[in-house]
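Trainee: I'd like to learn how to read contacts in a model. Can we go through one together?

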Amino acid sequence: MPDVNSFISFAIASFALLVIPGPAVLYIINRSVSDGRTIGYSGVAGIELGTFMHVLAATAGLSAILAASPSAFNAVKYSGAAYLVFIGFRTLTRKPATIDSSTKSMTKMQAFRQGFVINTLNPKVALFFLSFLPQFIDQNKGSNAVQALMLGTLFVICGFITDGLYALTASSLREILVKGKTLPFVQRYIAGVVFIGLGLVASLAKVS
């Protein structure tokens, strides 16, 4: 299993990525602004369950790659680093999505189900995990599948915390979030820099 330092490093990197407003965060903000805190929390639960589906898929996929060839696994690590840098540059050059709080109200179950479907069927989430997890897996420290599952579960826990805070904040500051300019700035420039930074760090990491 990963050591304490790996857990800490992964948690820090996870929080750095999760606080960036992406599609899942915008969905949570929309639901919280439109329907209130409880509906926002229901959307959070659905989003995180969808994320965990990708954790399970990534765990199986990375284990299969490593079983086939350690060199292939290292290739995935480098490809993942390149992908993170690419996402960073693309984020910097794209206009961020806007918040739409005019959608029709829904029940807690509908918000949960919609959040689950949004994240489960998002191929970008699957590609992200295949890019992100390998950077923190040490092939010399036990089962790679167990490491991937534990790290992925930690990511989901971090997601519950950050997304829950977004739901709490959005439901309390509706007008500010809808009309303010801070969120678009973070979505574009802060997010782009963070992705590029993580990609560069991953590309310089020692490969087993």
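Trainee: Which residues does Asn 119 touch, not counting residues up to four places away in sequence?

Mentor: Contact here means heavy atoms within 4.5 Å. By that rule, Asn 119 touches Ala 24, Ile 47, Gly 50, Thr 51, His 54 and Val 125. Keep in mind that this is a predicted model, where local features need pLDDT of at least 70, side-chain atom pairs count only at pLDDT 80 or more, and totals for chains, interfaces and linings use all residues. Residues are numbered from 1 along each chain as its sequence is written, and side-chain values use heavy atoms, with hydrogens and water left out.

Trainee: With which side chain does the side chain of Asn 119 make a polar contact?

Mentor: A polar contact is a pair of N or O atoms within 3.5 Å; within protein, one must be able to donate a hydrogen and the other to accept it, and residues adjacent in sequence count only if both atoms are side-chain atoms. For Asn 119 the partner is the side chain of Thr 51, at 2.7 Å.

Trainee: Is Asn 119 buried or exposed?

Mentor: Buried means under 20% relative accessible area, exposed over 50%, and partly exposed in between (1.4 Å probe, protein chains only). Asn 119 has 6%, so Asn 119 is buried.

Trainee: Which residues in H2 meet H5?

Mentor: From H2, Ala 24, Tyr 27 and Arg 31 do, and their partners in H5 include Asn 119. Helices are DSSP runs (H or I, at least four residues), numbered from the N terminus.

Key:
Helix = DSSP H or I, 4+ residues; strand = E, 2+ residues; numbered from the N terminus.
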